Structure formats: structure tokens, C-alpha cells
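Morning, everyone. Please bring up the model and keep the sequence next to it. I will go through strands, then the interface, then aromatic pairs.

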Amino acid sequence: MEEKRDKNIEAIAKIIELTRANSLKWHSVNNLDVQKKSNDIISYVFSTSYKKKILRIFKRQYQGRYQDINTLAIFARIASPISASKKSELRWYEEVILELVDGKGTSLWAFPKEDILNDLLKTIKYKVSGADDLINSLLEE
Amino acid sequence: MFTARIPEINQKLSEIASSISERLDMFDGFTMGIYKLLGESEINLKSLSKKSSGSLKKETNLLISDIKKIGNRRSFFDKVTFDAFRKNIIDKESQRKILQNIYVSLYKVVSECDETIKDSRWE
């Protein structure tokens, strides 16, 4: 399990490296192509192909029950009835999803959730926006 | 074994890794900013190591050792490596690969720590 998790992180890190080196070219995709639950907000959808496989990445914002993993917060909830009511509150959460899709845009498999996916999306946005080209040309002037 | 500070430390490590990623996006050799991030990660990793056990502790200690090599604070070998960095004897591509390895290892620790946090909720 641990080995598989490490492999996933290494694979995502490799995708980031290929994106930085312009070996992987991402392009913006219509967010309507992503299947979603009714209240989800989908943004920053990008797609690329690598060795005949189509990769798609996007940010998903969704509503879920309040859950604070901080142990101190758990103690605080026990101690304070006001905080306890937060348990039933709906809150907005966000996650970055990287998945393999077929030619019609149907999701076939998604990478497990890892924090490093946020970096991949940031790097893609940095590249697609042309920010590095702009910075380099400004410095050359 | 498990303390309330672990999720907080892990969050900080994830933020440092994310900042390293931004530096890697426009990498131009080891700068003071990168050394500062490595220093911050070392402090947090040491704190995590004290509070953890098993494979998480082992992986954390290995990463601390790798970071120390770049920071010139462990052995003669580390000093040689550090001097090579400062004098740019190690080319930028090799420097980038060293930082990339530390970056990936940081996320492996963060991911393993996340699992430990999830498991602890069932204890």
C-alpha cells in the first residue's frame, strides 16, 4: 500500500517535471465536459495526452459535512456545545482531480487524492498562462 | 504516540513542499529562499520525527539526513557537497534534480503522515 502510494506521488511529480520542460502540453477544456454532481463547482479544466492516454485535471469544489481532523478541534467540540452544532453544518471543500479519460471525456480512472496534485495544477496554470515567457522577456529587455 | 500537533506539522510540510514546487517552476540554482525553505522543512521534520514511530519516523529521519547534506551541518562529506553548491561546481540541472528528490520525498512523508492521522481516528 505504502509502495503504491509512493509510486503515485513519483508519477505525479514526473508529470509536473514533463510539464515544466514543455514535454507535456496542456490545453484548456470546457468545464461542461466534466461529469459532476449537481452542487459541485468545476473549474480550471485542462487536458493533455501522453503515450496515447488522455489525462485531464480540474479543481472540484463540493459541499460536505463539517469535519475537522485537528485533535484539538475534536476536544473543543466536546467541550463546547456551540462548536458541536458545527458537526451538522455543510461546508465547501475543494480538491484537485487528475484522471484518465476516454476519447469522449468519460472518466476511466482517477489518481488517489494527494496534496502534490495542487502543485501540478499550479504548474499547468503557470505554463498555460505563459507567465514564464512573460517574465523571461521582461528580464531580457 | 500520536499528538495533536502532528496534523499542524503535516500541513506546514505540505505548504513548504508547495513553495519548493513554485521555486522549481523557475529554478535558477539554489538561492537563499530555497535554503530558507529547506531549513523550515528540517525544523518541522525534526518535530515530526520526535512525535512519530515506525516507517514514518524512518522516512522522516532519512529526509532530514538528505537535507542536512545540502546545509553543511553534519560531516566532512556534507561540507564538500555544500562547497560544491556554493561554487557552482555542481551544475544547475544536477542541483535541480537534488531539490526535486527532496520535494518528492517531502510529499511521501506528508502522504504517510496523512494515513497515520486517518488511522489514529479509529484507535
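First, a definition: two strands pair if DSSP finds at least two bridges between them. Helices (H or I, at least four residues) and strands (E, at least two) are DSSP runs, numbered from the N terminus.

Now the ground rules. This is a predicted model, where local features need pLDDT of at least 70, side-chain atom pairs count only at pLDDT 80 or more, and totals for chains, interfaces and linings use all residues. Residues are numbered from 1 along each chain as its sequence is written, chains are lettered from A and ligands numbered from 1 in the order in which they are written, and side-chain values use heavy atoms, with hydrogens and water left out.

Start in chain A. Strand β2 of chain A (residues 41-50) runs antiparallel to strand β3 of chain A (residues 53-65), with eight bridges joining them. Take Ile42(A): its bridge partner in β3(A) is Arg60(A). β2(A) and β3(A) make a hairpin, with two residues between them. In that turn, Lys51(A) has a positive phi of about 45°.

β3(A) also pairs with strand β4 of chain A (residues 90-101), antiparallel, over twelve bridges. There, Lys59(A) has Val96(A) in β4(A) as its bridge partner.

Next, the interface. How many residues does the contact take from each chain? It takes 26 from chain B and 21 from chain A, contact meaning heavy atoms within 4.5 Å. The area buried between the two chains is about 2100 Å², and carbon and sulfur atoms give 47% of that. Buried area here is the accessible area (1.4 Å probe) that two parts lose on being put together, summed over both. In chain B, Asp25(B), Tyr107(B) and Lys108(B) lose the most area to chain A, together 25% of what that side buries.

The rule finds four salt bridges across the interface of chain B and chain A. That rule wants a side-chain nitrogen of Lys or Arg within 4 Å of a carboxyl oxygen of Asp or Glu. Lys108(B) meets Glu10(A) in a salt bridge, 2.4 Å from N to O. On the chain B side that touches chain A, α1 (5-25), α3 (54-71) and α5 (92-120) each supply at least two residues. α5(B) gives the largest share, twelve residues.

Last, aromatics. The whole structure has five aromatic pairs over all chains. Rings of Phe, Tyr and Trp (its six-membered ring) pair if their centres lie within 6.5 Å; planes under 30 degrees apart count as stacked, over 60 as edge-to-face, the rest as tilted. Tyr103(B) and Tyr107(B) are edge-to-face: 5.3 Å centre to centre, 85° between the planes. These two are four residues apart in helix α5 of chain B, so about one helical turn separates them.
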